[in-house]
Amino acid sequence: MRKFLLLAAMAWFAFPAAAEVFWSFGRARPEWQQRLGWELMWEEPIRVNGVPMRLSGGITRINWPELGLFLQQLPDDASVAWNDDSVLIHWNPAPGRRQTLLISSVADALPLVVYGLERPEGELPAPVWPESLPPLPATRPQRVIEYPERDAVYGEFTAAAGSARTQLSAWGTTLQSAGWQPFALEAGTPTGSGEVYYRPATREILLLGTSSEETAFLYRRRR
């Protein structure tokens, strides 16, 4: 079931609508994107805790040494964190704007995968749980991400008491009482990691899962 949830999340969460693919054809790009050799494949507006941002993704065909040269050309205030097969970059491309890049390799092969997030500088406001996500008892919202062009919303939360994983069964019962039908029954098992729910009449999918021992999430999308 864990593998199924991962595949479902990739299909419903990671990939934007087909209309957004190759959005950048014929558009001028910032100079830093040209130096990176970033071949943008999609971009979409999102809102995180109500703050407008832009999420994008694509590839670059430069290798790791060439990426090092790109990093040397970033402003002095840039922040860089390396991992074995990825690098996370933050900097301010313009006053009041914050750019984040996650660049990683798949099986140590080229091209490198690039995800970007452009947002206003500053702290995010406290999240407000949206009406489009079903309320769950004894939870505290942590983050809400809205995808207007997908008619989708993601909500992250913690349990008010105990771990998130021990509450999955109770939350699943709440969702079924609200009319959501489970594809399987993993949320009710002691080792459950989540569940996929659907509403045939409205063609909606709802993912309930845990991202850590303390944190869980809901992701809802309409077809």
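Me: Which residue in β5 does S86 stand opposite?

Reply: S86 stands opposite S104 in β5. The model is a predicted one, in which local features need pLDDT of at least 70 and side-chain atom pairs count only at pLDDT 80 or more, whereas totals for chains, interfaces and linings use all residues. Residues are numbered from 1 along each chain as its sequence is written, and side-chain values use heavy atoms, with hydrogens and water left out.

Me: How many strands form the sheet, and in what order do they stand?

Reply: In general, strands of a sheet pair through backbone hydrogen bonds, in a parallel or an antiparallel sense. Strands here are DSSP runs of E with at least two residues, and helices are runs of H or I with at least four, numbered from the N terminus. Two strands count as paired if DSSP finds at least two bridges between them. In this structure 12 strands form an open sheet with antiparallel pairing, in the order β3-β4-β5-β6-β2-β1-β7-β8-β12-β11-β10-β9.

Me: Which strands stand at the edges?

Reply: The edges are held by β3 (79-82) and β9 (181-182); each has a single partner strand, so one side of each is left without a neighbour in the sheet.

Me: Which helix packs on the sheet?

Reply: Helix α4 (residues 164-177) does so, touching β7, β8, β9, β10 (194-199), β11 (204-210) and β12 (215-222). Contact means heavy atoms within 4.5 Å. The direction of α4 makes about 160° with that of β11; axes are lines fitted to C-alpha atoms, for helices over the stretch in contact, and angles run from 0 to 180 degrees between N-to-C directions.

Me: How are β3, β4, β5 and β6 connected?

Reply: β3 and β4 pair antiparallel over four bridges, and a hairpin of three residues joins them. Within that pair, A81 has L88 of β4 as its bridge partner. β4 pairs with β5 (residues 97-106) over six antiparallel bridges, where H90 is partnered by T100 in β5. Five residues lie between the strands of this hairpin, and G96 takes a positive phi near 80°. Nine bridges then join β5 to β6 (residues 109-120), again antiparallel. The β5-β6 hairpin has two residues between its strands, and A107 in the turn has a positive phi of about 60°.

Me: Which residues make the nonpolar surface patch?

Reply: Patches are made of residues with over 30% relative accessible area and no salt bridge; like charges are joined within 9 Å, and nonpolar side chains (Val, Leu, Ile, Met, Phe, Trp, Tyr) within 5 Å. Accessible areas come from the Shrake-Rupley method with a 1.4 Å probe, and for residues only the protein chains shown count as cover. Here L88, L102 and Y115 make a patch of about 230 Å². L102 stands opposite Y115 in β6, while L88 lies in β4 (residues 86-91). L88 is partly exposed at 33% relative accessible area; buried means under 20%, exposed over 50%, and partly exposed in between (1.4 Å probe, protein chains only).

Me: How many salt bridges are counted?

Reply: Side chains of opposite charge can pair when their charged atoms come close. The rule requires a side-chain nitrogen of Lys or Arg within 4 Å of a carboxyl oxygen of Asp or Glu, and the count comes to 11 salt bridges. One of them joins E39 to R61, with the closest N and O atoms 2.8 Å apart. E39 lies in β1 (residues 38-48) and R61 in the loop between β2 (51-60) and α3 (64-72), so this pair ties together parts 22 residues apart in sequence. E39 is partly exposed at 33%, whereas R61 is exposed at 54%.

Me: Which residues are linked in a network of salt bridges?

Reply: The network links D151, E204, R220 and R222.
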